[in-house]
Amino acid sequence: MKEMKIAKNDLVSFLDTLITEYEVFAPVKKDSSVVFQEIYSGSEALLDYSNSQKPPKEMFFPQKERLFSYDLSPKKAGIEEPLLAEKQRIIFGIRPCDARSFVLLDRVFSGGVYKDIYYIDKRKKTLVIALGCNRPKSTCFCTSLGGGPFSQEGSDLLLIDIGQEYVVQVITDKGEELIKKHKEFMEADEQSLFSMRKVVDTAEASIKFRVDVWKVKEKLDGMFDDPFWDLVSEKCLGCSACTYLCPTCHCFDVVDEVIGQRGERIRIWDSCAFPNFTLQTSGFNPRPTIKERVRQRIMHKFKYFVDNYGVAACVGCGRCIRECPVNLDIRAVLNSILER
Amino acid sequence: MNGDDLMPDISTMIRDTARKLLEEKKVDLVIGFEKGTLPLRSTPCFIRNSKEAEKLVWNASCENNLARYLRKRQEKIGIVAKGCDVRSIVELIKEKQLTREQVFIIGIPCNGMVDRKKIDLKLNGREILEAEEKDATLILKGYNFTETLDKEEFLHDSCRTCKYRNPVIYDVLIGNKVAENEGTDEYEEIRQFEAKSADERWQFFTEEFSQCIRCYACRNACPLCYCQECFVDNSQPQWIGKTTNLSDTLIFHVVRALHAAGRCVDCGACDRACPMGIDIRKLTRKVQMDVKQLFHYEAGISVDDIPPLATFNLDDPQEFIK
Amino acid sequence: MKNPYLPFAMRIDKIVIETEDYNIKTFRLSFLNKEDEESFNYLPGQFAQLSILGVGEAPFGIASSPTQIGGLEFTVNKAGVVTTALHNLEEGGIIWVRGPLGNCFPLEELEGKNIVIIGGGFAFTTLRSLTNYILNEKHRGQFGKVIVIYGVRRPGLFLYKNELKEWERRPDCELYLTVDKADEVWQGKVGVVPNIIKEVNPSPENSYAVVCGPPVMIKFTLPVLRALGFLPERIILSLEMRMKCGIGICGRCNIGNRYVCKDGPIFTLAQLSELPDELLIWR
């Protein structure tokens with residue numbers, strides 16, 4: 001399908017129509033930050049923002065998810081399988097880096113022999129409409145990781161702001177079907193496409209930080225025992241802010257919680273930064289200090305994931321850079337690795 | 001050459017001090033701040049070589065409490081410490097996590113650190129690309145804007161109520177002492193909050209702490225949260241659940257505040273570290289206020305003080321005994 | 001699509017207390033559901049996640065051999081929350097099981113070879129499965145010499161004491177038991193496993209070594225095997241890491257780019273040499 005376009009003035013009514021049929025999630029302002037929430041009216045969606053505080057991976061991999069519930073009373077003892085979502089969902093207005101993170105998470109949750117049905121079900125029932133970044137932040141470095149401010153990876157539709165209108169790139173069949181059902185969309189004309197190309201070029205050129213992640217991976221291949229890790233981890237607090245806010249971090253814990261006779265097996269986000277992450281019942285911990293844990297995080301994202309899937313587990317969104325309480329900047333770490 | 005140039009600035013004095021300490025081998029390590037990778041940020045740095053002393057800086061973004069990095073070290077350490085950081089060091093010495101001889105305190109009288117979250121709110125999400133501290137102002141530049149802000153207005157809340165801007169102990173003091181904040185009732189906000197109804201207060205806490213993602217940045221940033229195994233990680237017995245269930249989250253924060261009773265110096269590190277912007281200090285300062293009222297005690301003033309929860313007096317209040 | 005997180009129920013038919021300190025019990029479980037039984041096809045080396053609803057889940061090597069028809073056996077050391085709860089169960093109780101998980105010992109590669117099975121402490125569970133599998137009359141002819149070296153801290157801590165006696169009686173199996181510290185009754189060898197291996201001096205000719213034990217034992221056993229001439233491709237290890245999902249998704253049990261639950265727990269020393277030595281045992 002050719003590129004389409006939609007007038008900015010029509011966007012709210014488009015969203016309102018979607019809301020009648022789908023659960024629509026969009027960025028919404030909350031104090032000084034932005035969160036992804038279900039919206040009940042098109043006007044709630046925030047379109048002029050850089051990125052959300054928490055990554056939208058929560059849409060497919062919520063922080064707390066029930067795997068199954070059970071009854072502990074002798075007569076009813078047994079497992080109750082979870083009910084999967086019924087309504088189709090639309091995530092609207094996420095950034096291309098976050099959309100790309102879904103593709104990376106797909107490798108983990110559905111790319112192997114074992115299929116995570118909770119994640120897969122949500123992915124199947126969700127349509128992704130991304131909003132390209134006309135003005136990437138100074139902390140963005142998506143282009144170094146194989147993405148970009150207008151990357152199509154992971155989205156069904158991509159909106160590009162060209163002033164009074166959005167050009168709409170139709171990426172998947174699912175996206176095309178949606179477009180066909182809504183009258184607000186029309187074919188983009190040459191003028192719009194010209195504006196679009198200008199916007200795209202300007203945005204991509206504005207991303208100043210570049211790093212060759214393949215070279216980083218090659219360096220990391222031989223760096224496991226390097227004293228580098230003592231230096232780089234010295235100021236790390238071992239809090240897990242970076243992992244929880246990272247769109248591609250996927251580690252989780254599984255716990256049982258019981259109230260009275262009813263219980264649930266729940267999975268919750270966990271972090272390799274925590275001291276007990278690899279602690280064995282014998283008391284032995286292969287990662288006893290912050291150094292081993294920082295090493296694990298960097299190695300996993302920029303070497304192990306590349307070994308297994310051919311791509312780094314990072315989308316260059318910059319959340320970890322902005323939120324780290326001690327300004328441990330991943331860009332500085334990657335540059336230091338290249339200098340070893 | 002005007003009068004300003006005759007007085008070397010604080011950054012230069014810190015560098016000179018650190019360089020000398022390392023050259024003369026009076027310390028093995030200096031912990032201070034270096035320039036961060038973002039505007040209005042500094043980052044902790046660890047210097048073991050006198051040539052690296054050049055990196056050290058001092059400005060209104062040196063917000064982290066470096067006392068967090070002092071424990072479990074064999075070396076003699078020089079540490080750049082502002083008023084609140086020094087008080088944390090005093091507490092660590094009292095709790096025998098550190099000896100006075102082990103640490104060479106480079107004390108910095110402090111006029112306060114800026115709160116980036118307040119600034120972001122003021123700028124309505126516009127990104128700062130360049131920042132300059134000029135006397136009492138902050139000049140912030142971004143895409144199509146320049147804003148000049150009054151630094152005082154954007155100080156961190158913990159700095160605005162701080163009564164110990166000058167280090168209470170030190171081995172060398174950098175620069176001149178600054179005026180203390182004598183007149184302020186530092187607990188006014190807490191008293192006003194306490195006056196609200198239980199329902200109002202409960203609503204505040206449930207709304208605020210439902211944001212918590214249990215990342216434990218607050219705990220990890222605190223110099224005095226150093227338990228080998230934090231109570232949230234105990235499994236035998238398990239004290240609280242690990243999920244973001246609101247009652248588990250509230251218990252975590254309340255218990256952490258109580259564990260810090262008589263020890264917390266209100267440096268604000270927990271509050272600043274929180275990625276969700278939760279007002280953690282509402283809890284910690286209530287506990288601090290109660291300790292002051294009940295035991296006439298403030299943490300971090302003198303290494304000779306006995307922590308209030310480690311001792312008793314015959315005239316301790318006992319209204320709770322009916 | 002099968003949900004890999006859902007366990008199925010099994011009934012405890014028999015509980016055997018293995019050790020004199022009562023800390024290790026073997027549970028014989030039977031399937032409640034014919035479909036579960038038919039789809040549970042496993043080979044020695046694999047593990048399963050056992051759970052107690054309301055308490056939690058933990059991974060355990062399958063101690064029974066697939067040649068034992070009807071049910072599964074697991075040997076559990078009481079150490080933490082889940083294992084204590086398992087120990088509190090009685091015969092007739094229910095345990096929930098997810099499995100079989102992980103990879104198995106490379107049986108095809110082992111065919112026609114002499115096999116030296118080396119175990120320490122209570123890590124002997126999957127080695128017992130392997131030994132019983134090999135010694136079973138259906139398979140014995142497919143393998144060469146079988147040498148079993150098994151060491152524990154003191155005589156009362158041996159697992160599967162009855163089976164050990166049977167293996168000792170067999171002419172087609174050489175069994176060497178050793179303890180760190182003998183008691184008044186013990187007549188057998190005294191010494192740590194690596195030393196006993198030196199004593200037994202197994203030939204590396206056409207041989208594989210299969211090793212399972214606590215990290216410190218493995219750390220001292222590997223150099224002995226290398227010195228005897230065993231090639232890294234022919235030294236097989238079964239590793240343990242803290243696990244949660246058991247299916248390679250939760251990201252916890254990795255050593256380098258391999259997940260112990262999914263790519264292991266069975267690895268050759270050659271494979272491990274390519275990985276960072278996080279456990280500090282193979283460099």
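Guide: A salt bridge is a side-chain nitrogen of Lys or Arg within 4 Å of a carboxyl oxygen of Asp or Glu. The model discussed here is predicted.

Visitor: Which residue forms a salt bridge with C:Arg128?
Guide: The closest N and O atoms of the pair are 2.7 Å apart. The cut-off is 4 Å, and the partner of C:Arg128 is C:Glu73.

Visitor: How many salt bridges are counted between domain 1 of chain C and domain 2 of chain C?
Guide: The domain assignment of chain C places domain 1 at 8–101 and domain 2 at 107–238. Between domain 1 of chain C and domain 2 of chain C there are 8 residue pairs in polar contact, both residues at pLDDT 80 or more. For salt bridges between these domains, the count is 2.

Visitor: Which strand supplies the largest share of the side of domain 1 of chain C that touches domain 2 of chain C?
Guide: At least two residues of that side come from each of strand 2 (24–31) and strand 5 (72–77) of chain C. The largest share is 3 residues, and its source is strand 5 of chain C.

Visitor: How many residues of the side of domain 1 of chain C that touches domain 2 of chain C are polar?
Guide: By class, this side has 6 nonpolar and 4 charged residues. Its polar residues number 11.

Visitor: What area do domain 1 of chain C and domain 2 of chain C bury between them?
Guide: In domain 1 of chain C, 21 residues are in contact with 18 residues of domain 2 of chain C. Carbon and sulfur atoms account for 58% of the buried area, which is about 1500 Å².

Key
Residues are numbered from 1 along each chain as its sequence is written. Chains are lettered from A and ligands numbered from 1 in the order in which they are written. This is a predicted model: local features need pLDDT of at least 70, side-chain atom pairs count only at pLDDT 80 or more; totals for chains, interfaces and linings use all residues. Side-chain values use heavy atoms; hydrogens and water are left out. Domain bounds come from an automatic or database domain assignment. Contact means heavy atoms within 4.5 Å. Buried area is the accessible area (1.4 Å probe) that two parts lose on being put together, summed over both. A polar contact is a pair of N or O atoms within 3.5 Å; within protein, one must be able to donate a hydrogen and the other to accept it, and residues adjacent in sequence count only if both atoms are side-chain atoms. Helices (H or I, at least four residues) and strands (E, at least two) are DSSP runs, numbered from the N terminus. Ala, Val, Leu, Ile, Met, Phe, Trp, Tyr, Cys and Pro count as nonpolar, Asp, Glu, Lys and Arg as charged, and the others, Gly among them, as polar.
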